[in-house]
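Subject: Structure handover

Hello,

Here is the structure for your files. My notes on it follow below.

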Amino acid sequence: MPDLVIRPLTEVDKPHWRRLWTDYLTFYESSVDDAVYHSSFARMLGDDPQDFNGLLAVLDGRPVGLVHYLFHRHGWKVENVCYLQDLYADPDVRGMGVGRALIEAVYTEADKAGAPAVYWLTQDFNTTARRLYDQIGSKTPFIKYVRG
């Protein structure tokens, strides 16, 4: 892999982060308004341990991917667990290890925080990402429901 760096988001990353997150949301046929962009980014830069964290993948100086993750309590564990909510790599770098590096960076952060579990969701049609997920994680039999 050329010069790939995974690092925390900084204030100067906002336009790159916004582009990447917009592309991620578009992939999932979703969108958010400006207030959500602003509040989400501000929370990721804040110091509240209950807020989301953000990492950026930078390849040869160019932001090419992101991951958002959150530590939270779990009713079956004493320790917090880690939820990886958003993971995205630009289409032109897929298959180059960016997604794997981002997930492994979240695993490292979870280990540092003493979180024994990292979990995430994806849609069943996301076959490209699922090839990676099948290598780096274990698929569970759970099905997600939301309020109707």
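How far apart are the mean positions of the positive and negative charges of the chain? The mean positions of the 16 positive and 20 negative charges are 5 Å apart, with Lys and Arg counted as positive, Asp and Glu as negative, and His and the chain ends not counted. Each charge is placed at NZ of Lys, CZ of Arg, CG of Asp or CD of Glu.

The model is predicted: local features need pLDDT of at least 70, side-chain atom pairs count only at pLDDT 80 or more, and totals for chains, interfaces and linings use all residues. Residues are numbered from 1 along each chain as its sequence is written, and side-chain values use heavy atoms, with hydrogens and water left out.

The chain has four helices and five strands (DSSP runs, H or I of at least four residues for helices and E of at least two for strands, numbered from the N terminus). Their order along the sequence is β-α-α-β-β-β-α-β-α.

There are eight salt bridges (a side-chain nitrogen of Lys or Arg within 4 Å of a carboxyl oxygen of Asp or Glu). Two of the pairs lie in helix H3 (residues 98-113):

- Glu104 and Arg100, four residues apart, have their closest N and O atoms 3.9 Å apart.
- Glu109 and Lys112, three residues apart, meet at 3.0 Å, N to O.

Lys112 is exposed, at 61% relative accessible area, while Glu109 is partly exposed at 25% (exposed is over 50%, buried under 20%, partly exposed in between; 1.4 Å probe, protein chains only).

Salt bridges with shared partners also link Arg19, Asp23, Arg62, Asp90 and Asp92 into one network.

Regards
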